[in-house]
Amino acid sequence: MATTAVGAAFLLLLLLPFSISIPQPISDSHRSAASNLFNQISPSLEDAYEALRVFEILAIEKKPLDTADTCKKVLENLGSSSPLKDVFYALKVNGILKCNIDGTIFKDIASRLKATLHDASTLLDIYYSVGSLVLIKDQASDVDVLLTDANGIFHSIKALSQSDGRWRYSSDNPESSTYASGLALEGLSGVISLASSEIDQSKVSIVKNGIVKLFDSIEKYDDGAFYFDEKFVRGSEPQGSLSTTSSVVRGVNAFAAVTSGKINLPGDTILGLAKFFLSIGIPGDAKDFFNQVESLSFLDSNRISIPLILSLPETVYSLTKKGQFKVKVSTVFGSAAPPLTVKLVRAFSTGAKDSAIIDSKELQYNQESGFHFLDSFPKNVDVGTYVFVLEIVLHDSESENVYATGGQIHVPIYVIGVIKVGNAEIAVLDSDLGNVETHNTLDLSGNDIVSLSANHLQKLRLSFQLETPNGRVFKPHQAFLKLHHETKIEHIFLVGNTGKKFEIIFDFLGLVEKLFYLSGKYDIELTVGDAVMENSFSRLLGHVELDLPEAPEKAARPPLPPVDPYSRYGPNAEINHIFRAPEKRPPQKLSLVFLGLILLPFIGFLVGLLRLGVNLKNFPGSTVPATFATLFHLGLAAVLLLYVLFWLKLDLFTTLKTLGLLGVFTMFFGHRILSYLALTSTKLKSA
Amino acid sequence: MARTSSSSSPSSSSSITKDAQDLLRALWSAYSATPTNLKIIDLYVAFAVFTALLQVVYMALVGTFPFNSFLSGVLSCVGTAVLAVCLRIQVNKENKEFKDLAPERAFADFVLCNVVLHLVIINFLG
């Protein structure tokens, strides 16, 4: 088991340089995913807007929601008491759906928004107000939305910015946020477009510098994707890297649209951002989908540089099927790129980085399919992993400023083929001299199995040869031999090689302990596999009856078979409590006999008393002493009765309490009667 | 005196037994002279001791398992015997030491001590 783990880890390590992923542009699978994802629309207008916008960008005909219902909701939310966020999104939805909204409603909202802007202090309030006013400007041309105090509002937004290019949400929140920067830039662009008088150009260039500063904090993945990320900011929802990056892209795009002149951002950054969005694939969440698609649409049409994506339909080429190496260059949405040529700068094997198998070749272009292809694969290419370095060369040198191509692109390619497995043989050898007892040649492509038998004094040898299609030595990632015992205990061994020949020898004398001294039938299973091997196999070779000696006392026990997972949660075994063995009691009859015997002395005492002539003559005659005497005796009897009850069921405390009472009672009467008796006896003596 | 010489021939064992019998008879007649109340107390002591002996025999037969019960039983007998002996000493008119102690007082002490003893005994009996 450890060896399998080692093999798997080794495999992963080999694949690390191949973690460069080639992004695929937006395709029809995106469109079908969108129709599925936006099926259930929540009642919120924000979600409705996102769905509508996605369908608009991807040019999906079907509407994601009921227009009449949504228009009703829009009307509801354009009321005078609706919160700013709802007004904003209602206007956004209206922009796409174009519901029938009365002009007066727009006028009311516009005046309300202008009043709010006058006192607004937080970034979000300003953002929603300005955004709503811009939307009203597009939807109702007769409403006056121009801002008289544009400079003031510009200033109040700018006041929330920080030196590192980020923005704060409000003046009393010290933490800055990248997400807020996107919102702020959108807000600023809105102010510029709504300004009745010209905004000071120096201020605009300060913001442009701020944008460049903001992009200094951009983060990068190894494969060239750029993104913005942000840690949790107090006072707002946590934003992931996707929503933060989309917010920045939205803001920068809006700002670039309303200002003249260029923003100093390198084309590679734009391409990196496009790669980031494309590398997500097809998001499963509606909001992520919206962010991805909208940001890509902004990147596709931005004024700085438009990214061109190089994609491959497949990166695995089979030597047996003799496919063709094809690439496609397109925009992020899969539309046609401007005229260009793809050059294969060089191709080399990952194992031999210095020697190139292909050097400086131009790929041919197929007009119908839109692919650039390599007309002929070089002959001497063997199975293995390669890196192809490609470069996009635009035909029109002017377009170099418009498009971002990304320089040299490294593409990992797998070349796979059929590995020849030959000269397979299995033999049982005599341990001392190496004489062959039984020998079988195996046909590893077939299905037949062999039956062997061996004892602990013999050896088992398996050997075979592996060869690439070009006749070279091949070392696969996995070459394991598994011995599987009938009691489900398995042992896995690595098959080593010298050159082309793979051989493993089992010396059973040394292996008895590892095999836990278990004799019996073992299945032999051979596994040979590699990523570039088309015919990887895991095959039962046959059985071997092993006769091993008895396990000595100290030998390790074989491990228990794996516990059936269902039985693990079943009821536990019944616990048998072991109690102290009860003491031996005498037979009941004996005890009863002795009970009778004990009474004998008492009877003897009574008899003796009678014989002595005991009488009650001294019992006082007159009433008062008589009562005292009787009460005294009664008291004593009561005490004795109390003792019996105490033994039977009472506890000490009750007994003591009662005893106290009875004792006092008895002592009182006893004292009286005894003193009376003493008095009478002294009278008699003196008399 | 041939009869006396012929009468000296009986065996030593019979003389021993005759001596023992004479001794016992003498003891018995001396004892009969004791006052009745002392005889009652003596009878009581004999009763208690005999009961204790019976309990010991029982324990020897069946083992000491509830040892506390055994102890309690034996101690009850022995304790009450001891108290009775004390009573006898105090009540005995021939005892010069306790001349001015009223026998009723001694009896009261006897009763009280017995009550306390038996409380403890019953508690320990289990």
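Between chain A and chain B there are two residue pairs in polar contact, both at pLDDT 80 or more; such a contact is a pair of N or O atoms within 3.5 Å, where within protein one must be able to donate a hydrogen and the other to accept it, and residues adjacent in sequence count only if both atoms are side-chain atoms. On the chain A side that touches chain B, the elements giving two or more residues are helix H16 (588–612), helix H17 (623–648) and helix H18 (652–686). H16(A) provides the largest share, eleven residues. By type, this side divides into 23 nonpolar, four polar and two charged residues.

This is a predicted model, in which local features need pLDDT of at least 70 and side-chain atom pairs count only at pLDDT 80 or more, while totals for chains, interfaces and linings use all residues. Residues are numbered from 1 along each chain as its sequence is written, and side-chain values use heavy atoms, with hydrogens and water left out.

How many residues are in contact across the two chains? Here 29 residues of chain A meet 29 of chain B, contact being heavy atoms within 4.5 Å. Together the chains bury about 2600 Å², 85% of it on carbon and sulfur atoms.

Now turn to A:Ser305, found in the loop between helix H13 (286–300) and strand E5 (306–307) of chain A. A:Ser305 has a relative accessible area of 5% and is therefore buried (under 20%, with a 1.4 Å probe and protein chains only). Leaving aside neighbours within four places in sequence, A:Ser305 is in contact with residues including A:Gly267, A:Leu299 and A:Tyr403.

Definitions and conventions: Chains are lettered from A and ligands numbered from 1 in the order in which they are written. Helices (H or I, at least four residues) and strands (E, at least two) are DSSP runs, numbered from the N terminus. Buried means under 20% relative accessible area, exposed over 50%, partly exposed in between (1.4 Å probe, protein chains only). Buried area is the accessible area (1.4 Å probe) that two parts lose on being put together, summed over both. Ala, Val, Leu, Ile, Met, Phe, Trp, Tyr, Cys and Pro count as nonpolar, Asp, Glu, Lys and Arg as charged, and the others, Gly among them, as polar.
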